[in-house]
Amino acid sequence: MASGQRVISSYFSQSNKSSKQSTTPTSNLSTKKPIDLTLSGSGDESPEPPTKRTRIQNDGPSGKRKATSSSPPSTESLLPAASQKWSFTPVTKSTSTSKPNNANAEIEAFRKKMHGDVTKPYIKDKSQGTKRRREPVNVDSASEGNIGEELRNSENSEGEPDEDNLEDEADAVSNWLSKFAINRRGQSGDRSKGNTTQTTKGSGSKGRSSKKTEEIGPAGLKYTPLEKQATLKKQHEDAILLFEVGYKFRFFGEDARIASRELGIACFMDKNFLTASIPVHRRDVHVKKLISQGFKVGIIEQVETAALKKAGDNRSAPFDRQLTHLYTAATFIDELGSADDDDAFAHGAAPPIACIVEELRGGMGSDDLVHFAFVAVTPATGDIIYDAFDDTYMRSEIETRMAHIRPLELLLPEEKLTRPTEKILAHIGNQGNRIRVERYKTSMLYTEAFDLVSTFYRKHGDDSPQNASEGFKSGRLMGSVVDFPKNVVVALAHLMKHLETFQLSGIFRNQTDFAEVGIHTQVHQQPPNFDSPRPDLSFGPLVDKKILQERVDAVEEIMNTKELKIERMQLLLKGLPDLVKGLCRIQYKKATPSELATMLTAWNRIATAMDSIPIPKEAGFRSDILNDIAYALPTLRGPLAAIMSQIDLSHARDNTKAELWVDSEKFPEIEEAKFGILSVESELQDHLEEIRKILKKPNAQYVSVSGIDVSAPFIMASTCLTADFQFMIEVRNSDTKKVPVTWQRVSSTKSVTRFHTPQVKTKLHEREIYKETLVAEANKAFNVFLGEVAEHYSILRNVTMKLAVLDCLSALAIIAQQPGYVKPQFFDDDRLDVGGYLQDFWKFELSKHRLDGGRHPMVEALHVDPFVPISCTLGGDEPRTKIITGPNMGGKSSCVRTIALVAILAQIGSYVPCRSAKLGMLDGIATRMGASDEITRGRSTFMVEVSETAEIIKTATSRTLVILDELGRGTSTFDGMAIAHAVMQHLIENIRCKTLFITHYPMIALDLEQRYSDVSCHHMGYVEQKLLSGESTISFTYKLTPGMARSSFGIECGRLAHMPEEVLQAAKRHATRMQEIMEARKAANRPRSMASLLKNCLSSNDESSLARSLKDLSVFCKLSRNSGF
């Protein structure tokens, strides 16, 4: 029998065994079976019922009489138990176990299926907990209605019964209850042991009964109150839920299995669910591990405290728990200064969340041409990027933006995008960090989306017109929304709606007018190569010559100026916290008092670094960028003075929210809670005088087990000690007889025993209520104050971004001080001159007087050997297209990479690693280099090559630098040559862009050079030496030299790779034989080719075809003459 059950059958013994009772058998109940009458409870089993020798003592404070075991309890002590749960179990002598019914078998099968082979729940046998046998009692149905009345009459009897009649009253009650049990058993039969458990609950003195159905869990056990709260999982099936239970967070069910796998913690079966747990202080560490793997995590916290709950109406119910936080990798705002070990957070860049809206535009198929709207939001920094663009079947544009922005979460429609789009997004999601995909059910129409966006900003301005941005007041904000592309508005509306569930919609309120000044919303321009998603922080390449020149001039002034104000501004950058993240945490009301103190201290240091000036030009710098920075920093003084005058930073650093406020009247609820705590403690001190009188010890003091002085401030005394171990009275064990019986023993040692008086217990509970109220009011007041700080967001954000610009400029100035770096020069034409020529010797010794050109910055930093400079000029007075040939391993790819890197560094605003750099504005660099397949996307090496080339043809402009490395090598020789020649012809004739083309097809190079005046052939220099054995070796000079290379020297490269000599000799023989065959065929076909070209010239009908034919004939003649024919 379970402990906590009071056995009363022992008091219902039949004293008068000579009395005769008629026995009437009832259905399914043997007349010879005794009845087990217990009050249902919970807990462990008790081995046997209490005996008659048990002492029954009155708990009242006054010394009333005590009943001994010789006399049974009174009727009044027994009858109130009629309102408890009764369990009537027939006792059988048989110890055999009955065969489980079908319901139990189904439960067992379901439990094994869900949780594996878990130990079968213990089922109590009917024969356990038996009572001594009693004679069966005859009862009829008509007598049932009289039982309740008889019980009421007995319960309502006044006065204390005579001690002589106690035995008779106990027998009468036993008979009544036996009749009632037998009658109910006859009506209902055997109780079911299926999926529900039925219990009969008395209804007090009325004697009526009701049935309550208890739900059974997967393990065949009743749900505990905590497990019933775990059903919140049904409302958030896509999230892993952490339930706060005491000092731990617990996972349940499948969430526990996932947490065990991902976090490396143990999970085990606990009643109906698998469970796993983590400590409270490690919550954020484990949450980051889960969200970095693409999971959504929800935090279920206790929303009521122990003392307030005990004083409320639900004191006997479990703690109320609700979903308070919801996190994904993109929406998690980490604490300042946290150590990030996960890949998703360790690289330092805050992950964004992106929404993609797709619109079909026809083409060769229904999903060939599409139009995308792309909006990306970074909650951790407040950045918003949007773009609208067309894309082809290969979806290279969306792939480029995904690679550039690197979102960790995508918001897509539930009805799916087109198949090529879904395929490319799935391919990107499988590389690197796992990308989480959220789906919204229905896509908004433009009118619905525009109403949502406009209402959002209009409501923000109407709610606080005094804090509304200048963009809202002037109408520029709503004008910008109207000018957005329609699909961009739709994507923005979906992101707003989605981030509301994470309580992060405030990110959209801080955008003033969607410009780059003071905010971080920007358009992702086309092409993406020269536009950064975060222009102020990552300092991406610029296409505006004026802005670019200002940036380079600022770097030059920082590098060359030794003024104190420059050094003072640069010193500000040392030791600063992450201002962007801290500002976002303040905005979302997630910052702690210590984080706020850190941010305010840093901002105060920034505000006082420079003197206030009326206009930026009075800062005294030549650069307008530096003048703007110097002007913006002192603007923080006003807002900071208003903020810092309200709080005590020393208490803020200690995270004591209740002591933050300088003006105690600002939040009177906090002062009321403090006063309540002090008044209770004062009453406890007054009560100590009474205790001293009772114990007759005038020096008695309150003690605590942990040694904390209870006279210390209440907040400090409560940090590590619960109320149960405070304000205790310590009495020596020899003096415990003096302690009143009403005092509660708390703990003891070998020499002393500690007690709580009833008055202390009451006051401690009241004190805990005040303390919990104080914590709640302090949290509420601090959140209100964070909202007040966020009202100055525009100024704080503007200064933070100015410091980011200063940080980038200072970094570029450090790079500029390295030897061999020069300031680039920008022009309005289309030139790209890396190295340059000495103009005085242009027509004479060209190769001898070439200046040192550009160097590859990465190779130069990583290699010990010096890098051979590369000089190259495209555009201007030089041809825009250069075809580069030469031996393998000769440095062709390094050459074109060096030129591209110099161009990128120059348009960032950095000094460049070369002797001279003169260039016009490039709008992008398009490259086709390397050879690799994409087996996951079903694309071969040649398919990848031609796909990338096709995108270059579609997106390149006259200001684009195009780099093609060995185009056409992935297919047959003639097909590859044909594709390479056609692509180059299109770039030269139609696009007219600057092109660097690397090839091993000399016929293409010679043909294009003879055909177009805007093409020149170059090769990487080498030195060939003949050995005595007749073999030749080559040495690379890595210089870009005019003219064609005689050969690619593939066999010599194989010798450098230590191929077997017999293999190399066989290759040489085959190469010689095939070359002779080709030369013979050319000589034989040359007259026929000449005749064909002459025929084309004579048969041309228009001028364009005649000019083309004459051009082909001229090229053929030049090539024949160069070949010696």
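I count two strands as paired if DSSP finds at least two bridges between them. Strands (E, at least two residues) and helices (H or I, at least four) are DSSP runs, numbered from the N terminus.

The model is predicted, so local features need pLDDT of at least 70 and side-chain atom pairs pLDDT 80 or more, while totals for chains, interfaces and linings use all residues. Residues are numbered from 1 along each chain as its sequence is written, and side-chain values use heavy atoms, without hydrogens and water.

**Sheet.** I looked up an open sheet of 6 strands with mixed pairing, in the order E7-E8-E6-E5-E9-E10. Its edge strands, each pairing on one side only, are E7 (268-270) and E10 (321-327). I then looked up E6 (248-252) and E8 (273-279), which pair in the antiparallel sense over 5 bridges. The bridge partner of arginine 250 is serine 277 in E8.

**Helices on the sheet.** Angles run from 0 to 180 degrees between N-to-C directions of axes fitted to C-alpha atoms, for helices over the stretch in contact; contact means heavy atoms within 4.5 Å. Helix H6 (254-263) lies across E5, E6 and E8, at about 115° to E6. Helix H7 (283-292) lies across E5, E6, E8, E9 and E10, at about 155° to E9.

**Cores.** A nonpolar core is a set of buried (under 20% relative accessible area, 1.4 Å probe, protein chains only) Ala, Val, Leu, Ile, Met, Phe, Trp, Tyr and Cys residues joined through side-chain atoms within 4.5 Å. In the largest one, of 94 residues, Trp603, Leu626 and Trp661 touch the most other members. Helix H27 (793-816) gives the most to this core, with 10 residues. Apart from it I noted another core of 44 residues, among them Leu232 and Leu499.

How values were computed
Buried < 20%, exposed > 50% of the residue type's maximum accessible area, 1.4 Å probe, protein only.
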